[in-house]
Structure formats: C-alpha cells, structure tokens
Amino acid sequence: MRGACAGPSGTPPSTASRQSGRSRRRWLARAAASIGLGMLATLAAPAVAATPSAYEPDPADPYRSLPWLDLRQEIAGAAPVAFDRRVEVLGPSFAEDPMNVPISVRIDPSLGSVERIVVVVDRNPIRKVLEYEPMQARPSLAFRFKLEQASPVRAVVRLADGRWVAGGTWVDSAGGGCTVSGATRKDGSWAQTLGQVSARMFSRPQDDSLAGARLRLQVMHPMDTGLVGGIPAFYVSRLSLRDGQGAELARLAAFEPVSENPVFSFDFARPPAGGVHIVGSDNNGNRIRKRLP
C-alpha cells in the first residue's frame, strides 16, 4: 500500500524532486505575470495611437485641409490665425473655366486697419496667388486666377495690430488650369501686346458698402506658370499704384497662378488726387507703365 506522500514507486520523493517542483511553479508564475503585462500593454496601445497627430487637420479650419497646416506656417509663422466671417472671399461654387476663376476679397472695416492680404489656394501646385498691401486703398480686391483642382481659396489677412485672420470659399472644378498654355501663348500673339495696360476709374453708388471709386486695370501678359513643358515661368510680379504727386496708394505682388492678361479691381474712398500712375514689372524685368488722368 502506498503512503500519502509516496512517489510512483511507493517510495517518498527526494529533496531534489521537491526543489524541482518549486522551481517549476516559480517559472510558471513569472511567465503568467509576463503574459499579463503584455496583454495590459496591448490594451493600452490604442489609447497611445489615438493621440492627435501633427498631421491631422486644424480643427478650427472649416475645410479640414491638410495643406493649410503648411500654408499657415509659411504665411504667419508661429502666430495664430483666426477664422473670421468678416474676411469675405467670393467665388463661383463651380469654375467652368479653370483658367479664369473670378474671386473678390473684402475685409469688414470692423476688423480694423489692414496691413496685408495674402491669397492662397490649398490644392494648386503653386499655392500663393498674390499679396496685396492696400495702404491708402480700401481692403478689397477682385481678380481672376488659374485653378488646378477643386480647392479652398483663402484670404489670410495681417491687421495693423499684428493679428492674423482668415476667410475663404470652396471652388469646385474639373481642373487643369495651371498646366495648360493660355490662348496668346498658343497663337504667339502675346509678343505683340506684352506689357500693354488699359485702365478705367469708375464711381460707385453711395448706397454701396464700397462707395467711392473703383479702378479696374488689365495688363497684357501670358502669365506662364512654368508647369507646361518647354515654357518657363513668366508672369507679372509687381504692380504699384501712385497718385498724381507720386505717393504710393497700394502695392501688389502677383504670382504664376494669376490668369493670363490679368484684370485687377481696386477700391478707393474717393478718386485719387491727380489721377493714377500704374508702374510695375514682370519676373523678367519688363517694365509696366500707365498714367490715368
């Protein structure tokens, strides 16, 4: 008959056997603890992955656009940019002609004095369209630009007190406006009209929020983006508006996405004294000049 503590052969287990059993139990306990910690780490992993990424859209951006993160940094640096309905950007909901998309920008006077307006298109291959310094003009502007694909179009505004505010609109399009040649480049007529300027001053009715005077001007220029094979970038880069005494009224820096033979509209509280003198140049150094009585 085997005793209660007898081994398989009926003899008591040795001291070595008892120690071996205790070692095996300790090993199993450690293994179980390791597995438990591993499971806890696995369960905790999703919480780490859910931490907001630097590459997620700005939650304040009404268009939830990833390119806006880089654009904001390029324009305003580390300064905050607040979206404000008083920065009004108007354009078509769908651009039937992606090479000539009309846009107007108007800044509500309640925001204060405007130092600079930067117009950008998130999804264009060349995203900056123009920079405008109103100076003695009203903080409003109208123009046409080329659109490569559906995109937010934004006006980012630096106020005189140093704050940055922005507004925008979404323009849908079949696209392709930046990567095809304009009509005058295709038929070669651009060389005969290069740099010619036509301009006219209009009176605006007193019941208009922009009552006063509007200057509309056109500069004949192919405005090549450099994105068509064999045709380098060639565009109007600078325009300055001056009164009859030579005082600067407004300053514009234009870039490749502005439409061929660009048309710009500027608003003033009253017609400039002594008429308007328009001076500028393109990126090849060709001069642009026009005097309007």
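Just after helix 2, Gly-77 adopts a positive phi of about 65 degrees. The model is predicted, and all values below are computed from it. Helix 2 spans residues 67-76, and the loop that links it to strand 1 (81-83) contains Pro-80. Pro-80 has a relative accessibility of 67%; it therefore counts as exposed, the threshold for that class being over 50%. Its C-alpha atom is 7.9 Å from that of Arg-163, although 83 residues separate Pro-80 and Arg-163 along the chain.

Helix 2 itself has a buried side. Its buried residues are Trp-68, Leu-69, Leu-71, Ile-75 and Ala-76. Viewed down the helix axis, these residues fall within an arc of 170 degrees, so they line one face of helix 2. Their cover includes strand 1, strand 5 (114-121), strand 8 (151-159) and strand 9 (164-173).

The chain as a whole holds four helices and 16 strands. It has 293 residues, of which 39% count as buried. Among contacts with a separation of 6 or more, 65% are between residues 24 or more positions apart. The accessible surface of the chain is about 15,700 Å². Carbon and sulfur atoms contribute 54% of that surface.

In general, the strands of a sheet pair through backbone hydrogen bonds, in a parallel or an antiparallel sense.

Strand 10 and strand 11 (residues 212-219) are antiparallel and share eight bridges. Within this pairing, Arg-200 has Arg-216 of strand 11 as its bridge partner. Strand 11 in turn pairs with strand 14 over six bridges, again in the antiparallel sense. Here Gln-218 stands opposite Val-263 of strand 14. Strand 14 is also joined to strand 7 (residues 140-145), by two bridges, and these two strands run antiparallel. In strand 14, Phe-266 stands opposite Leu-141.

Strand 14 covers residues 263-268. Five of its six residues are buried, so the strand is largely enclosed by the rest of the structure. The threshold for a buried residue is under 20% relative accessible area.

The largest nonpolar core comprises 47 residues. Within this core, Phe-143 and Leu-241 touch the most other members. Beyond neighbours within four places in sequence, the contacts of Leu-241 include Phe-266 and Phe-268. Leu-241 also contacts Leu-215 and Leu-217. Further contacts are made with Ala-247, Glu-248, Leu-249 and Ala-250. Val-276, His-277 and Ile-278 complete the set for Leu-241. Another core, of ten residues, lies apart from the largest one. Its members include Leu-71, Ile-75, Ala-76 and Ala-166. Leu-71, Ile-75 and Ala-76 are also among the buried residues of helix 2.

Key:
Residues are numbered from 1 along each chain as its sequence is written. This is a predicted model: local features need pLDDT of at least 70, side-chain atom pairs count only at pLDDT 80 or more; totals for chains, interfaces and linings use all residues. Side-chain values use heavy atoms; hydrogens and water are left out. Buried means under 20% relative accessible area, exposed over 50%, partly exposed in between (1.4 Å probe, protein chains only). Two strands pair if DSSP finds at least two bridges between them. Contact means heavy atoms within 4.5 Å. Accessible areas come from the Shrake-Rupley method with a 1.4 Å probe; for residues, only the protein chains shown count as cover. A nonpolar core is a set of buried Ala, Val, Leu, Ile, Met, Phe, Trp, Tyr and Cys residues joined through side-chain atoms within 4.5 Å. The arc is that of the directions from the helix axis to the C-beta atoms.
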